[in-house]
Amino acid sequence: MVAAVDEIQLNRLEIQVDNGGGGAWEYLCLTRKLKVRRSDKVLKFGLTILNDSRARSKLGDEEWTLYEQVSVAAMDCQRLDIAKDCISKLSKRFRESTRVARLDAMLLEAQGSWTGAERAYALLLEKNPIDQAILKRKAAMAKAQGNISAAVECLNKYLETFMADYDAWRELAEIYVSQQMYKQAAFCYEELILSQPAAPLYHLAYADVLYTMGGLENLQTAKKYYASAIELTGGKNTRALFGVCMCAFAISQLVKGRSGKEQESVNLQSLAAETLLKDYKLRAPGKVALLTATLRSMKLIS
């Protein structure tokens, strides 16, 4: 995930370059550092530098890094002619490079030549069976072809070796959710929360999964994680506020009477409902009446 401060800086640079203020190379470097694609902008700004011989010469050896970055962006944007040209230049410069061979395989993917890409990746994996990038490409290729079971198998096998790859855990979780395999998705989010406990996105996603699964225990746990997401975002996560309210209502349909511990929950959901109303009055006053009616029907406000 990209930190808020980094995203602000990236957006500022993007606007600056778009308006002719310079900084294209700095922008491209930052996208690489943050592992952000933004392929249309990378392609546009990258070509501006590559097509200017003077600007390109100033890069030194970084010129080849830019060719690689632009080739990937071009494939994302379906500008395969540009991608092919960039890869051709890289192939002439680095004749035995695994990274360039990987780009060739990715180009086959972009062209829809799945068999050719699969063969190319297999040859590369013979040389290095734990090539992280290629193993992830195989999972992505399976998903792109609609072979979800193969994508899941690839990701699970990949995570046996690269357990600290948070992006892979998140991708696997989202695939499981799309297949309504909620228990498996919940396990993935538990791994993510353990590794990055201060990331509100994972608390929120885990709570969503538990809420969807239903049942008293899952709903009670979901409410706790919605509350965690609220705390981690300084009370500004609207979805988590709604989550607390929805969990409270669902729990009320399953249980009768309230213990002292339940009273704490009443306070939590009442506070969430009040915060939602205040937020709507500021940002969406035209919908306050609808929200008020909804919260009253759920008996969260009087």
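Rings of Phe, Tyr and Trp, the last through its six-membered ring, count as an aromatic pair if their centres lie within 6.5 Å. This predicted model holds seven such pairs.

Take Trp-169 and Phe-187. Their rings sit 6.0 Å apart, centre to centre, with 65 degrees between the planes. The pair is edge-to-face because planes over 60 degrees apart fall in that class. It links distant parts of the chain. Trp-169 belongs to helix α11, and Phe-187 to helix α12, which spans residues 182-195. The two are 18 residues apart. Their surroundings can be set side by side. Trp-169 has a relative accessible area of 8%, so it is buried. Phe-187 has 43%, so it is partly exposed. Elsewhere, Trp-64, Tyr-67 and Phe-94 make up one aromatic cluster.

The largest nonpolar core contains 92 residues. Met-75, Tyr-226, Cys-245 and Leu-295 have the most contacts inside it. Helix α5, residues 62-76, gives the most to this core: eight residues. Leu-295 shows how the chain is brought together. Beyond its neighbours within four places in sequence, Leu-295 touches Cys-245, Ala-273, Leu-277, Leu-300 and Ile-301.

Next, the largest pocket. Its volume is about 1700 Å³. The lining comprises 39 residues, and Lys-35, Val-36, Arg-37, Lys-136 and Asp-167 lie nearest the centre. Helices α2 (24-34), α3 (39-50), α5, α7 (98-110), α9 (132-144) and α11 (166-178) each give two or more residues to this lining. By class, 18 lining residues are nonpolar, 15 are charged and six are polar.

Notes: Residues numbered from 1 in each chain as written. Predicted model: local features only at pLDDT ≥ 70, side-chain atom pairs only at ≥ 80, totals over all residues. Heavy atoms only, no water. Core = buried A, V, L, I, M, F, W, Y, C linked by side-chain atoms within 4.5 Å. Buried < 20%, exposed > 50% of the residue type's maximum accessible area, 1.4 Å probe, protein only. Helix = DSSP H or I, 4+ residues; strand = E, 2+ residues; numbered from the N terminus. Contact = heavy atoms within 4.5 Å. 1 Å grid on protein atoms, 1.4 Å probe; cavity = no way out; pocket = protein on both sides within 12 Å on 5 of 7 lines; lining within 4 Å. Points joined across faces, edges and corners; volume = space filled by probe spheres on them. Nonpolar A, V, L, I, M, F, W, Y, C, P; charged D, E, K, R; others polar. Phe/Tyr/Trp six-rings, centres within 6.5 Å; stacked < 30°, edge-to-face > 60°.
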